[in-house]
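This report goes through one protein chain by topic. Please look over the sequence and the structure before reading on.

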Amino acid sequence: MAEQLSSNFRRWSYFFLYDGSKVRSEGDLTREGICYFYPEETPLDQQELICGQLAGVSRCVSELSSSPVRLLRLRRHKFAIHLKDELFWALGCPVEVPSVSICQLLDQLINLFSFYNGSINLSYQLHSRDVLAARWAQYLSHLQSASTDLHHIFSCLKTIDAASVDPLLLLKAALILQACQRCPLVLAGSIFFRGRVVSTQMSPQLTMKVMVHERETYMQAQKEGEARSSGPLGGVSSTSVFLTASELQHLQLTPFNRDLHSQLAPAGDAQPQRPRLSRTLSDVPSAESQPSHPATSDLSDNSVPPAGPHGADDLPGRPSQLFPNGKQEAEEKAVPSRRRSGSEAQDAAQTCSSAAAAATLQLNGGGQGTEAGSCDGKGAGSAAQPLGSGGSGGPDGSLLVPMTLYLHRVKGLVLALLVEPRFLDDSASMEEVFHSSLASLNGLEAHLRTTGPGPPGTLGPPGLYSFAHFDGIQSTLTTNLSAGGGAGPQRPFVRAAALLHSHFCTTETLQEAIIRSASAAVYGTRTLAHETFFQQHGGALRNSGVPNHQDSAFSLPSKARHRLQKHGVNLL
């Protein structure tokens, strides 16, 4: 019974996409507007009833309140709603799941589809519903395959346990990504091992999207065996993806992109500067190689830094190897000569946005061969995109720019790179990236396979206490719960953590809270970047019914600070 109850956090009751433009008059059947419905075995009459009623109620409430509906709560289920023009998405979950988690899961699901398929409207014009239904099912399966119920509640990435891995291996993974970025066509990269993040230069949201294709190729590799490794570039695969204009702008404005840096560098007799190839290590310039320029050395207070995620170096108790771009802000403050002025950064952002918009609008034109727009203006040789492949129908109405996802698999290790589309046509660049990283990937895979890193947070004795530490910046979770966490004695902790997480998200002023029942008490605390939950096992709870200093629940904060220090979690 406990296992059945714990699965409520992972089981999605319903998900559907409904196109209201297909149902205009009373004579039109509701089923004609149902693009996809999960579970697929649901009777068609029931699909029509659910889609018609939810869509009607949501649009009615939106018109009356002059604001879009985000959540509908029923007696046994609640639905996250997303409206865009005539398209209507709904994701239904049991009431135990926090509302903020349901909305995040729905947004992730829609963004996943747009990332791999582009414009949703144009996708249904170019492909049959059966083909797209299989893709929706794939994305649903990926998001529901969380390691624990806590991963499902917080919608976080799966990462290796950095405490059980030699830090030199994490550094080696970061250096591999640096070496790949010597190719100007490479935007950013990530390294995964057995479905978990080892090192990444992308944002957590973008990393999560890339992991979907990594999981799919891993399953195909297991089915096909070693047949995929034959050929001059064995273990290499690629697929087309679509980035929003903001995602592309973020990747092109980060310091490791040397194309933009060379474009913004002053012309004339200025000496060439060494490019910073990654956000992992500081590439501090020497006085001989990089003279400072007065025009670019001063940074005004109104300048906007790159919108990348902050790392963990300035946050206590968190390893920085998983997201090596964590030192970006500190490095740029330490080396002001490497920073551009606020006006130049703004000009660069406008340049990237204009280039992305131009590329997308051209692709929406007449299907003629066009050049892929980029900040460096080197679009020659780009392959022509099919009509509508770069449509401007993103989930939030933003432009979508076609890119390519390059994957190099070495057994359980995967190197994933976001590259420009013309990278596949440049055989010299592909061979350079492949051969320069092959030996390092083989060595890294052998060491990680020997170490056998698992999920983070497995060091503590689960019999004495349970804890969960969520990093909202890096979107990672550290916990000592087992893979089946949420069943049996762990269930009260999971439910309490879900409730506290919901309150933390809805109440900005709430910093600490203790939630208790007759048999358990859970302490929760949060900062701007972290949320931590702790439960002490063993010992009888002393509860007089009213708050008093003898109540054992009030000793949880001090116990949490003491117990969690060994896990690198500092609650001081």
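Aspartate 85 sits in the loop between β4 (77-84) and β5 (87-94). This is a predicted model. Although aspartate 85 is not a glycine, its phi is positive, at about 55°. Aspartate 85 has a relative accessible area of 62% and is therefore exposed.

Serine 155 also has a positive phi of about 55° and is not a glycine. Serine 155 belongs to the loop between α6 and α7. With a relative accessible area of 13%, serine 155 is buried. A further backbone feature is the cis peptide bond that runs from tyrosine 38 to proline 39, with omega near 5°. Proline 39 lies in the loop between β2 (34-38) and α2 (44-65). For background, most residues other than glycine have a negative phi, and most peptide bonds are trans.

## The chain as a whole

The secondary structure of the protein chain consists of 16 helices and 15 strands. The chain has 572 residues, of which 51% count as buried. Among contacts in the chain with a separation of 6 or more, 65% are between residues 24 or more positions apart.

Helix α9 (residues 245-253) is mostly covered, as seven of its nine residues are buried. These buried residues of α9 are Ala245, Glu247, Leu248, His250, Leu251, Gln252 and Leu253.

## Helices α3 and α5

Two packed helices are described by the angle between their axes and the distance between the axes. Helix α3 (residues 99-117) packs with helix α5 (residues 129-143) at an angle of about 130°, and their axes are 10 Å apart. The two helices, α3 and α5, are therefore oblique to each other. The crossing in which α3 passes α5 is right-handed.

Which residues of α3 and α5 meet? From α3 come Leu105, Gln108, Leu109, Leu112, Phe113, Tyr116 and Asn117. From α5 come Leu132, Arg135, Trp136, Tyr139, Leu140 and Leu143. Sorted by class, the contact of α3 with α5 has ten nonpolar, two polar and one charged residues.

## Helices α7 and α14

Helix α7 (residues 167-180) packs with helix α14 (residues 427-451) at an angle of about 165°, with the axes 10 Å apart. The pair α7 and α14 is therefore roughly antiparallel. In this case α7 passes α14 in a left-handed crossing.

On the α7 side, the residues that meet α14 are Leu169, Lys172, Ala173, Ile176 and Cys180. On the α14 side, they are Val433, Ser437, Ser440, Leu441, Gly443, Leu444, His447, Leu448 and Thr451. The contact of α7 with α14 divides by class into eight nonpolar, five polar and one charged residues.

## Aromatic pairs

How many aromatic pairs does a search of the whole structure find? The search finds 17 aromatic pairs. One of them joins phenylalanine 15 and tryptophan 136: the ring centres are 5.3 Å apart and the planes are at 50°, so the pair is tilted. Phenylalanine 15 is in strand β1 (residues 14-19) and tryptophan 136 is in helix α5, so this pair ties together parts 121 residues apart in sequence. Phenylalanine 15 and tryptophan 136 are both buried.

Another aromatic pair, between phenylalanine 154 and phenylalanine 470, is stacked, with 4.8 Å centre to centre and 20° between the planes. Phenylalanine 154 lies in helix α6 (residues 149-154) and phenylalanine 470 in strand β11 (residues 465-471), so the pair ties together parts that are 316 residues apart in sequence. Are phenylalanine 154 and phenylalanine 470 buried or exposed? Phenylalanine 154 counts as buried because its relative accessibility is 3%. Phenylalanine 470 counts as buried at 11% relative accessibility.

## A ring cluster

Ring pairs also link Phe15, Tyr36, Phe113, Phe115, Tyr116, Trp136 and Tyr139 into a cluster.

Technical notes: Residues are numbered from 1 along each chain as its sequence is written. This is a predicted model: local features need pLDDT of at least 70, side-chain atom pairs count only at pLDDT 80 or more; totals for chains, interfaces and linings use all residues. Side-chain values use heavy atoms; hydrogens and water are left out. Axes are lines fitted to C-alpha atoms, for helices over the stretch in contact, and angles run from 0 to 180 degrees between N-to-C directions. Helices (H or I, at least four residues) and strands (E, at least two) are DSSP runs, numbered from the N terminus. Angles under 35 degrees count as roughly parallel, over 145 as roughly antiparallel, 65 to 115 as roughly perpendicular and the rest as oblique. A crossing is left-handed if the near helix is turned anticlockwise from the far one by less than a right angle, and right-handed if clockwise. Contact means heavy atoms within 4.5 Å. Ala, Val, Leu, Ile, Met, Phe, Trp, Tyr, Cys and Pro count as nonpolar, Asp, Glu, Lys and Arg as charged, and the others, Gly among them, as polar. Rings of Phe, Tyr and Trp (its six-membered ring) pair if their centres lie within 6.5 Å; planes under 30 degrees apart count as stacked, over 60 as edge-to-face and the rest as tilted. Buried means under 20% relative accessible area, exposed over 50%, partly exposed in between (1.4 Å probe, protein chains only).
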